[in-house]
Amino acid sequence: MYGTETMTREEFRKARREQVLGEQRRRRQRILIFCITLIVMFGAGVGFGTLLAKAEETAAEPSYKYYANIQIEKGDTLWDLADQYMDREHYENRQAYINEVMRINHMSTDHLTAGKKIIIPYFAAEPRIR
């Protein structure tokens, strides 16, 4: 009566173990699919956000670098000249501008002598036509 339809204890344990392993495998697959979906969605969001940010950037106005030859007057300092001629879009700070002026004019100190001429860089939005 029970002989053909009954399982031995070992067969039952083996069948149950296969069932549990199958459930674990399916659970892992669902978790993996969920994680991959999250990663893809995050990547798409970052990519789309980057595209939007690039689309919102405005094209920078072109600027042209020129040099002026100026005569030093009594009381002039490189700091005053930097305040007058420096363009904050092109230099990090006044010291960077002063360093460029000193390099262009082959100066070893920041001391200026009245009556002498130095070259000063400046930027303009429009090109100069000669």
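These legends describe close-up views of one predicted model. In this model, local features need pLDDT of at least 70, side-chain atom pairs count only at pLDDT 80 or more, and totals for chains, interfaces and linings use all residues. Residues are numbered from 1 along each chain as its sequence is written, and side-chain values use heavy atoms, without hydrogens and water.

**View 1. The buried face of helix H2 (residues 78–85).** Leu78, Leu81 and Ala82 are buried (under 20% relative accessible area; exposed is over 50%, partly exposed in between; 1.4 Å probe, protein chains only). Seen down the axis of H2, these buried residues fall within an arc of 105°, so they line one face of the helix. The arc is taken from the directions from the helix axis to the C-beta atoms. An α-helix has 3.6 residues a turn, so residues three or four places apart point the same way. Helices (H or I, at least four residues) and strands (E, at least two) are DSSP runs, numbered from the N terminus.

**View 2. The packing partners of H2.** The buried residues of H2 pack against strand S1 (64–71), helix H3 (94–104) and strand S2 (117–124). Contact means heavy atoms within 4.5 Å.

**View 3. Tyr66 and Tyr122, an aromatic pair.** Rings of Phe, Tyr and Trp (its six-membered ring) pair if their centres lie within 6.5 Å; planes under 30 degrees apart count as stacked, over 60 as edge-to-face and the rest as tilted. The whole structure holds three aromatic pairs. Tyr66 and Tyr122 form a tilted one: 5.8 Å centre to centre, 40° between the planes. Tyr66 lies in strand S1 and Tyr122 in strand S2, 56 residues apart. Tyr66 is buried, at 13% relative accessible area.

**View 4. Tyr91 and Phe123, ring to ring.** The ring centres are 6.1 Å apart and the planes at 65°, so the pair is edge-to-face. Tyr91 sits in the loop between H2 and H3, and Phe123 in strand S2, 32 residues apart. Tyr91 is buried, at 9% relative accessibility. Ring pairs link Tyr91, Tyr97 and Phe123 into a cluster.
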